[in-house]
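Trainee: I have a new model to read. Can we go through it together, feature by feature?

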Amino acid sequence: MSSPSSSAAPPPAANAAHRTSPLRLYPKHSKPRHYRLAAAVAASTRRAGRRSQSWTPPGRRGGAGSIWVNPSAPPRPGATSRTLRRLVELDDLDAALRLLLGGPSTSTPAASDSVPEPPAVITCNILIKKLCSRRRLADAERVLETLKASGAADAVSHNTLVAGYCRDGRLSDAERVLDVARASGAANVVTYTALIDGYCRSSRLADALHLIASMPVAPDTYTYNTVLKGLCGAKQWEEAKELMEEMIGNNCHPNEVTFATQIRAFCQNGLLDRAVELLEQMPQYGCTPDVIIYSTLVNGFSEHGRVDKALELFNTMLCKPNTVCYNAALKGLCIAGRWEEVGELIAEMVRKDCPPNDATFSTLINTLCQNRLVEYATEVLGKMNKYGYMPDVVSYNTIISCLSEQGRVDDALRLLNSMLCKPDTISFNAVLKGLCRAERWCDAAELIAKMFKEDCPLIEMTFNIIIDSLCQNGLVNNAIEVFELMPNYRCTPDIVTYSSLINGFSEQGLDEVAFDLFRSMPCKADIFSYNAVLKGLCTAARWDDAGELIADMVSKDCAPNEVTFNILINSLCQKGLIDRAIEVYEQMPKLLNTMCCQPDAISYNSVLKGLCRAEQWKDAEKLVSEMLRKNCTPNEVTFKYANQLFVSNRTG
């Protein structure tokens, strides 16, 4: 072997290549890469040429290319079905209809000698369902007709269209499709159940019962459950009981839905003991009550004040209670004011890894505020963060309204300013009502300025609060000024606005102004506006106008109520017209009995006051006896006049 030093020197070109790029060095006897690549391409081209000369696919003599690129080639088998499925998946229903029904299409035309593909029934059924959901029922029926023409329509095709017509309330069309399906043997229990459901949704329960009794196929549990739901919704309890007995007699066992449907309906209508009877029957049919059924029962007993029974059910549940079930039990304890037990139950929720949620806190806050325990409600609000919940604007508004109603407007204002979420118009209105009731008009103006600053719009309720408060405080002229500003803030006076103004005018003795405003207001009068103008007419002793107004109320389907007669009787008594007041009072039972209401303590007290003033003691004594006989609970005013009656009898 020669030494490196004795080897032949490379040619100059190689030296140059070596100097410029070591990657250009080649093994001995090799050729540059670009040369090898060019040789490979040339060899491949020669082989392709030989193949094209030596072999032609059968049926393609004289042709060139492949079916993937040749536009004149016939489509692959099933191409139309695949295209249709893709169009339906993409929700391009119009294109799918064109392809299926043979309208204008951009799809590749089939060869003249090809046989049309039968439509894919599953894809077409999905198409029918999507068309029905978009209320394109005529198109859905065209798809069904195409399926029927090819002999591909099945029960699902008919069922889907029947259900679509029923959801749209077109029961006659649903009946027609069912008749066709029955004649062709394509109707099954689902088809009949779809129409039965349509009957129940449209309150045609007699038709539903007739159809379930005349079905040529045996109804299943779902069919019975559908009718049971309709009967329970219509409160036809005995019919529901008979149907369930028929269901069991036909060896069609009820399931959890059967019981849950009826239990929910019973609880919603206060038939709690019947709901428990059904609960106790469930194990006989292999059914286990779930947490939803228990929650429904516990909630029903809680709402009807039967807290001990609610807790008994809660403590004997056959499944683990969830937060909804705990909340239902808490509701009962809150309504009953059993606050110590409320705290214990919340502690149990946390201990059993079922922490309170927004509904828990909302229930607590609402109930505490309804019981005027606003301090405890505020405490609950402060503890929400501890459980990972941020108080929402509804919870804040509940407490702010409670504080405002209790006259604690400064506390309400402080809470408004410390809210952890953005206050809304209701938040501001709640505080505004308290400020207006306290006649703190400057503070009210500052609050409205803050509403503007925080981009919280004024609404009709905002103006109604201000106008009503001004009118109740005798500031009618100021109320008119506020009333005239409403259009500037895109607010339209409503019946509440007009009633407040009418009442304000009546209280100030401006009966003519009140009457004129009443007759000119653009909205329909209600009982409050009628009573407001009646007050002004009676104060002015305009008895004929008052009588005509009451007649107008009756003719306009705005029946007089106890307040109407209280205004009339009290005004007559104040004017010394005791006999006329007694006449009106004696007519009240005849009039009010037809209006589903009875004289209340205020009505009795108005007449009693007049009788005592007129020293008609015997009539007053009869009136008190009648009041007690009719179970109308006396109040402080009643006892005041009864005491006068007692004194008069002793001195007389």
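Trainee: Where is the place of Thr 497?

Mentor: Thr 497 is in helix 27, residues 495-507. Helices (H or I, at least four residues) and strands (E, at least two) are DSSP runs, numbered from the N terminus. Residues are numbered from 1 along each chain as its sequence is written. This is a predicted model, where local features need pLDDT of at least 70, side-chain atom pairs count only at pLDDT 80 or more, and totals for chains, interfaces and linings use all residues; side-chain values use heavy atoms, with hydrogens and water left out.

Trainee: What is the mean pLDDT of the protein?

Mentor: pLDDT is the predictor's confidence in each residue, from 0 to 100. The mean here is 82, and 76% of the residues reach 70 or more. Over residues 1-35 the pLDDT is below 50, and this stretch has 5 contacts in the model beyond near neighbours in sequence. Residues 104-115 are also below 50, with 7 such contacts. A contact means heavy atoms within 4.5 Å. Where pLDDT is low, the predicted coordinates should not be read in detail.

Trainee: How many helices and strands does the protein have?

Mentor: There are 35 helices and 0 strands. Of the contacts with a separation of 6 or more, 59% are between residues 24 or more positions apart.

Trainee: Back to Thr 497. Is this residue buried or exposed?

Mentor: Buried means under 20% relative accessible area, exposed over 50%, and partly exposed in between (1.4 Å probe, protein chains only). Thr 497 has a relative accessible area of 0%, so it counts as buried. In the protein, buried residues make up 40% of the 652 residues.

Trainee: With which side chain does Thr 497 make a polar contact?

Mentor: A polar contact is a pair of N or O atoms within 3.5 Å; within protein, one must be able to donate a hydrogen and the other to accept it, and residues adjacent in sequence count only if both atoms are side-chain atoms. The side chain of Thr 497 makes one with the side chain of Asn 464, at 2.5 Å. Leaving aside neighbours within four places in sequence, Thr 497 is in contact with Asn 464, Ile 467, Phe 483 and Met 486.

Trainee: Which residue's side chain makes a polar contact with Asp 511?

Mentor: That is Arg 542, at 2.6 Å, side chain to side chain. Asp 511 lies in helix 28, residues 511-520. At 15% relative accessibility, Asp 511 counts as buried. Residues up to four places away aside, Asp 511 touches Phe 505, Gly 536, Leu 537, Ala 540 and Arg 542.

Trainee: Now a whole helix. Which residues of helix 16 are buried?

Mentor: First, the general idea. An α-helix has 3.6 residues a turn, so residues three or four places apart point the same way. In helix 16 (residues 307-315), the buried ones are Val 307, Ala 310, Leu 311, Leu 313 and Phe 314. Seen down the axis, they fall within an arc of 160 degrees, so they line one face of the helix. The arc is that of the directions from the helix axis to the C-beta atoms. The face turned away from the buried side carries the exposed residues Asp 308 and Asn 315. The buried residues pack against helix 14, helix 15, helix 17 and helix 18.

Trainee: How many aromatic pairs are there?

Mentor: Rings of Phe, Tyr and Trp (its six-membered ring) pair if their centres lie within 6.5 Å; planes under 30 degrees apart count as stacked, over 60 as edge-to-face and the rest as tilted. The count comes to 9. One of them is tilted: Phe 361 and Tyr 387, 5.8 Å centre to centre, with 45 degrees between the planes. The two are 26 residues apart, Phe 361 in helix 19 and Tyr 387 in the loop between helix 20 and helix 21. Phe 361 is buried at 4% relative accessibility, whereas Tyr 387 is partly exposed at 28%. Ring pairs link Phe 361, Tyr 387 and Tyr 389 into a cluster.

Trainee: What is the phi of Asp 353?

Mentor: Most residues other than glycine have a negative phi, and most peptide bonds are trans. Asp 353 has a positive phi of about 55 degrees although it is not a glycine. Asp 353 is in the loop between helix 18 and helix 19, and is exposed at 66%.
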